[in-house]
Amino acid sequence: MSEITRRNWLALSAATLAGAAACRSTADASPAAAQPPSSLPDRSNFDLEGVYLNAGSQHPISRPARASLEAYLQNRAHHAPGAGYELGSSAAVEKFARLVNADPDEITFVQSTTTGEQMIVRSLMLPAPGARVVTDTLHFFGSVPLYMELGKAGCDVAWVTHKDGRILLEDMDRAITPGTRLVALSLVSTVNGFQHDLKAICDLAHARGALVYADIIHAAGCVPVDLHASGVDFAACASYKWLMGDFGLGFLYVRRGAREALTRTQYGYYGVSSFASHVYPFDPPGDEVASYAFPDTATGLFALGTYSHTTAALLNGSLDYIASIGVETIQRHATALTTRLKQGLLSQGYTLMTPEEAATPLVACAYENARARIAPKLKEAGITTTVSANRFRPSVSVFNTAEDIDLFLAAIGPA
């Protein structure tokens with residue numbers, strides 16, 4: 001077992017480029033020739049059919065990411081001598097750390113956002129009788145059972161209720177009482193795109209002795225995220241949405257100063273920094289079966305076993321692509337489209353669940369029987385978006401155009 005170093009990664013780049021060159025000779029080699037866009041919208045780096053307004057559910061894979069994946073697969077197929085194996089998985093951690101302003105040793109791979117959140121909760125030794133936890137009703141709905149079960153197990157769980165599509169800071173202020181153990185929230189809500197003032201909440205929580213966890217899956221890659229400046233203690237996200245990766249791999253952030261509050265609950269061999277057995281032929285002598293150590297890093301605390309190296313390869317391409325555009329540029333493009341979308345929806349009589357001032361790429365509307373009344377219209381028009389039982393939620397990204405918005409509005413018609 002070894003970790004890919006910067007020197008190894010530079011050496012490995014030659015193999016990556018060679019694999020990408022080999023891909024060019026195949027029938028589907030076009031991804032290897034992809035170039036960063038000069039402006040948005042960028043249609044050239046995506047192979048889309050119809051109108052896709054569903055990046056908030058799963059983001060299409062870009063041509064640069066596919067080129068990176070093809071290089072990895074070439075390596076896995078041929079195992080050329082000296083070409084290496086992982087194709088720079090640690091590089092994806094470094095790129096993500098730069099994207100969200102964190103240090104690489106504060107980041108580790110996790111399977112999913114939920115995995116990261118549950119690891120933090122368990123490492124805080126929750127549930128514990130009487131321990132106060134504050135969350136809100138715009139947090140990820142998949143986390144609702146976690147906090148309801150903590151309540152059943154004896155925690156004092158406070159739910160801050162949304163008002164007009166917002167979680168008000170004054171309501172969080174009242175809920176975060178002295179002695180609160182954890183505040184858990186989604187920086188950008190999957191429900192409607194509301195965005196918290198993360199620094200303000202962290203300031204409140206820290207002043208009362210609480211730690212803060214943020215789900216950033218709908219923020220990283222599409223709105224500016226500065227983890228150090230916010231003061232947040234823990235954050236997690238998967239990669240298949242705005243990071244333009246795939247399912248099965250994401251990131252967990254653990255602020256360096258918050259590690260002392262955690263109890264180790266994971267013992268994975270990917271988290272071990274040194275290991276020497278004492279029981280096999282020619283082993284050095286020792287009093288135990290083995291000697292080992294865990295580094296004082298997020299990886300040392302939470303890394304387990306193998307993870308999706310194919311997704312790490314995708315991320316090596318997609319994170320470069322995002323960096324080449326800039327998150328601020330991505331947000332400006334998305335905001336122009338969502339402003340047009342909000343105005344159109346209101347003019348057609350729909351009820352917005354998303355605050356009009358939200359500068360996030362999600363727009364949600366409450367609409368009774370939406371799946372029955374709207375989904376067939378969208379299917380007929382060749383438009384893909386999220387439609388739930390009683391709401392719909394189009395989301396935009398770098399490839400969307402004003403025409404996409406107009407086609408969507410025309411397809412659904414008046415409320």
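A: Lys95 counts as buried, because its relative accessibility is 13% and buried means under 20% relative accessible area, with exposed over 50% and partly exposed in between (1.4 Å probe, protein chains only). The model is predicted: local features need pLDDT of at least 70, side-chain atom pairs count only at pLDDT 80 or more, and totals for chains, interfaces and linings use all residues. Residues are numbered from 1 along each chain as its sequence is written, and side-chain values use heavy atoms, leaving out hydrogens and water.

Q: Why is Asp320 called partly exposed?
A: Asp320 has 39% relative accessibility, so it counts as partly exposed.

Q: What makes Lys95 and Asp320 a salt bridge?
A: The N to O distance is 3.1 Å. A salt bridge needs a side-chain nitrogen of Lys or Arg within 4 Å of a carboxyl oxygen of Asp or Glu, so the pair qualifies.

Q: Why does the pair of Lys95 and Asp320 tie together parts apart in sequence?
A: Lys95 lies in helix α3 (residues 89–100) and Asp320 in helix α10 (residues 309–325), so the parts are 225 residues apart in sequence. Helices (H or I, at least four residues) and strands (E, at least two) are DSSP runs, numbered from the N terminus.

Q: Why is Arg63 called partly exposed?
A: Its relative accessible area is 21%, so Arg63 is partly exposed. Arg63 forms a salt bridge with Asp47, the closest N and O atoms being 2.6 Å apart.
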